[in-house]
Amino acid sequence: MYNDKYGKAIGGYARAAKLTPEERSLIAQKAAKERWNTDPKIPKATHSWIINLSGIEIPCAVLDNGTRVLNEKSLSNALEKRGKGLYLQNRKSAYTNDSALLQKYVFVRNLEPFISPEIKKIFSNPINYSTKTGTSVRGIPAVLLPEICQMWLSAREQGALTEKQLETAAKAQILMQGFAPLGIAALVDEAT
């Protein structure tokens, strides 16, 4: 039932009255850990901001382990690779097991010959991290942005892209021009 005077549950007060101060403290600590996602295995953003690359904005962060990351979803949107329909249906079956988890911005059969095995491994394991507000986010190391752009540009140079994919290559070129003067790591440092 509810306490009419304060509008709070009477049962909660009864439970709290039966607990020792240490038990109440442990319960509060556990709730705070869950609320603020304080799992020590998940890196946390110490600084975050939005970088502007020739008019394309991508959220970025510096993690507590020193890694500079770009928000994966925003990068997909920047390259106009949003991953609907066919992407979601075929993501698991279109490629071999080692590349089945590639992100939307490199999940293009035409692009696969331009992805080195080392880079493919990194793409297949995005970084999960938490923001200062405790939100869980997926990101990629910022130093991979030049690699991603170069893959699209190389595929375009080799004539390996469809007309629709040429639009993504054009976005990759815009991004490349945006960070070329400074380098992506310096740009993230400057932004954060």
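Two strands count as paired if DSSP finds at least two bridges between them. Helices (H or I, at least four residues) and strands (E, at least two) are DSSP runs, numbered from the N terminus. In this predicted model, local features need pLDDT of at least 70 and side-chain atom pairs count only at pLDDT 80 or more, while totals for chains, interfaces and linings use all residues. Residues are numbered from 1 along each chain as its sequence is written, and side-chain values use heavy atoms, with hydrogens and water left out.

**The chain as a whole**

The chain contains eight helices and seven strands. It has 192 residues, of which 35% are buried; buried means under 20% relative accessible area, exposed over 50%, and partly exposed in between (1.4 Å probe, protein chains only). The accessible surface of the chain is about 11700 Å², and carbon and sulfur atoms account for 54% of that surface. These areas come from the Shrake-Rupley method with a 1.4 Å probe; for residues, only the protein chains shown count as cover. A contact means heavy atoms within 4.5 Å. Among contacts in the chain between residues at least 6 apart in sequence, 52% link residues at least 24 apart.

**The sheet**

An open sheet is formed by five strands in the order E3-E4-E5-E7-E6, with antiparallel pairing. Its edge strands are E3 and E6 (127-130), each of which pairs on one side only. On average, neighbouring strands of this sheet are turned by 40° against each other, direction ignored.

Strand E3 (residues 45-53) is joined to strand E4 (residues 56-63) by eight bridges in the antiparallel sense. Within this pairing, Ile51 has Ile58 of E4 as its bridge partner. The hairpin of E3 and E4 has two residues between the strands. Ser54 belongs to the loop between E3 and E4, and its phi is near 50°, a positive value in a residue other than glycine. With a relative accessible area of 47%, Ser54 is partly exposed.

Further along the sheet, strand E5 (residues 68-71) and strand E7 (residues 136-141) run antiparallel and are joined by three bridges. Here Asn71 stands opposite Gly139 in E7.

**Two packed helices**

Two packed helices are described by the angle between their axes and the distance between the axes. The axes of helix H6 (residues 145-157) and helix H7 (residues 163-179) come within 9 Å and cross at roughly 135°. H6 is therefore oblique to H7. Axes are lines fitted to C-alpha atoms, for helices over the stretch in contact, and angles run from 0 to 180 degrees between N-to-C directions. Angles under 35 degrees count as roughly parallel, over 145 as roughly antiparallel, 65 to 115 as roughly perpendicular and the rest as oblique. Residues of H6 that meet H7 include Leu145, Trp152 and Arg156, and those on the H7 side include Leu166, Met176 and Phe179.

**Residues of helix H5**

Ile122 is placed in helix H5 (residues 117-123), and Lys120 also lies in helix H5. Ile122 is partly exposed at 36% relative accessibility, whereas Lys120 is buried, with a relative accessible area of 11%. Leaving aside residues up to four places away in sequence, Ile122 touches Pro141 and Leu144. The table gives C-alpha to C-alpha distances for a pair from each residue.

| Pair | Apart in sequence | C-alpha to C-alpha |
|---|---|---|
| Ile122 and Leu144 | 22 residues | 8.9 Å |
| Lys120 and Val106 | 14 residues | 9.2 Å |
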